[in-house]
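Let's take a walk through this protein together, one piece at a time. Keep the 3D view open as you read.

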Amino acid sequence: MHGRPRKAYKPEEEAASASKAVKLRSLQTQFMSNHHHKIYTKEAIDLSTKLLEINPEAYTAWNYRKLAVEDTLSGEESNQDLVKSILDEELKVVESALRQNFKSYGAWHHRKWVLSKGHSSVGNELRLLDKFQSLDSRNFHAWNYRRFVVELTNRSKEDELKYTEDMISKDFSNYSAWHNRSVLLSSFLARKAEGFMPNEKIPEEYKLVHDAIFTDEDDQSGWFYHLWLLDQTVNVETPLLTSSWPSHARCLNDSSSSKLTTFCSESGSFPLILYFDQAVGGVSSSSVAVDSELRGNEDLVWEPVSNKNSQVASVWVARLNYMSSEPCFPKEYKVKVRIGNSPGIVSSRGCNFSTPYEFVFTAHVHDTVREDSQEVIVSWTDGFDIWDAQSKDLNFLVNLDQQMGLKWRQVAIEEEIELFRALSDSKIGKLTLARLLMAKAMISESGVKGVHYEEILELYSDLMVLDSSHYRYYKDEHSVALLHKVTSSTASLSRHLFQYRDMNNSICLRLNNLSLSRIASVEKLLFVQMLDLSHNELHSTEGLEAMQLLSCLNLSHNRIRSFSALDSLRHLKQLRVLDVSHNNIGEHSVDTTRYLCSSPLSNSEWTEDEVGRQMPSLVTKYWDAYFVLRELNLKQLDILGNVIAGDEFSSFVPQVVPKLVWLDGQKLRS
């Protein structure tokens, strides 16, 4: 480990090892007999001591000693001297084992267990740790145990921070010391302790890590710490509302309302979408006030949009109902949404949402669509009009900037950029420069963002050539930067926007033929109703679950390998048209017989439906497609050009999706 080559055994060392193995097997046989029969005599305990002297990694022996100690102490709690004597003996056994192997998990855990009993002195523990850390200053077991001891002794965290600095000054490659420093600083920065205000302390830490990076740029320890510092510079602890549909950006002191928003619905409802910069919980009718002219929406149910079935998510949606019995003609509904005035919304890190927002909009809703719209196939080649680049509608539909309003972040990042341009010839230098430029672009004025993105894209293109072993990572980051560039201004975004005449001029975003391998910037695209991602290199639809208005999606000619990669689409209740033709679905089958739980069908919580009862063998065979498609209300599906697209699967799909009208361009029913 850590670049230290193993030594080849000499003949005499091999003989000694063989003799040790014979002795170990004999001890293990006797020990397991004692353990099985719960024999806790002095002789049996001494036997476990001998076993651990030879093999400190014998987990069962450590657990046996815990049971033996508990058994011995069960009737002797009042004899404090005896209790202390027994526990001190355990500490000696652990110390002896650690001298054999100071990376033994079992030994360190046993020592924690003994000290947790509260009868042993902890005064010697830090001195003992100093001895072990002098042998290997990067041993993460010792650092982990050190944090445990510091908590027991109430040692000053300032002293521990100074200790990490001392250890780093001795060895810049001490990753464990850098990590411990980040743990300690996270606590100080979160509390905004005296002398640890982020705008003062983080720039100081940059100077510290520069010494490590510029001394040996090939060592990774300092680079990891620098990446952590960049996260602390960019990320704001307090959750922010970054976008919504209908669009927001109306603070309480701004009385103007947003542009008219049109949405066609078949379900008698339309969604309200809140997109936060981090995962939050507690979004409910008590923390988000919605005032509208629509009756029956007094207690809206807000649902998290997440693939993890969690009550914490970045995206939350509620559905406003309108009276479907009303005549089928357009009607306007005024709605006001207020968030941040009442407590309750909390991030996963425990920070409260505290920035009040209010947005007012008028929803222009059709409660039905044209009678023949279900029978007309959606084409991705005809019927599109170019978006009017001069139209002001887009300014109301997208939220392009979420300024953090803290100058020190921009200054710190700009200083780092200038410094790291000197290392831009190395792989790690190019990667760090790209990350810094991306961070600057995210918090800069929109007028200069384009310049940053061009350089970022060029850096990731260079890295894909220079470091082919990490090509996929660089490709993904290149895609993220490209999508941020596209959505960085109304001018750049409007070049990709169209209107589809055959669906009430639905807004279509065309991001085809961009070599995208990853989806990003969806918080800027919540208004999109048709999305063309064809002819890219996507492996997954992760991220699209936030686009709740999406009714038509083109994923043809990508690199999707299974329906499981489309799992996020189950959240899109408006999705009616899906094209996944010419992908790799079914090409790479997985031998699920090797797994304990071969598919979700093995889960006892799965609810079987009529298709599952009538076609059990096909449901088992195509379980991933079954679980995704049965959640969708599709009317048009294209799967041609995939290995899975045979007659059997084509006959299975209409059973799973009963409302399907078009399959691979062929009409299924009149």
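**A hairpin and its sheet**

Start with β11 and β12, which form a hairpin with five residues between them; in the turn, Asn-504 has a positive phi of about 55 degrees. Before going on, know that this is a predicted model, where local features need pLDDT of at least 70, side-chain atom pairs count only at pLDDT 80 or more, and totals for chains, interfaces and linings use all residues. Residues are numbered from 1 along each chain as its sequence is written, and side-chain values use heavy atoms, with hydrogens and water left out.

Strands here are DSSP runs of E with at least two residues, helices are runs of H or I with at least four, and both are numbered from the N terminus. Two strands pair if DSSP finds at least two bridges between them.

Now zoom out. These strands belong to an open sheet of nine, in the order β10-β11-β12-β13-β14-β15-β16-β17-β18, with mixed pairing. β10 and β18 (666-667) stand at the edges with a single partner strand each, so one side of each has no neighbour in the sheet.

**Two helices side by side**

Next, find helix α9 (residues 175-191) and helix α11 (residues 220-234), which pack at an angle of about 15 degrees with axes 9 Å apart. That makes them roughly parallel, a label for angles under 35 degrees. Residues in contact have heavy atoms within 4.5 Å, and among those in α9 that meet α11 are Tyr-175, Trp-178 and Leu-185. On the α11 side, you'll find Phe-224, Tyr-225 and Trp-228, among others.

Last stop: Ile-273, in strand β3 (residues 269-281). Is Ile-273 buried or exposed? Ile-273 counts as buried because its relative accessibility is 0%; buried means under 20% relative accessible area, exposed over 50%, and partly exposed in between, with a 1.4 Å probe and protein chains only. Not counting residues up to four places away in sequence, Ile-273 touches several others, including Trp-245, Trp-316, Leu-526 and Leu-549.

Conventions. Axes are lines fitted to C-alpha atoms, for helices over the stretch in contact, and angles run from 0 to 180 degrees between N-to-C directions. Angles under 35 degrees count as roughly parallel, over 145 as roughly antiparallel, 65 to 115 as roughly perpendicular and the rest as oblique.
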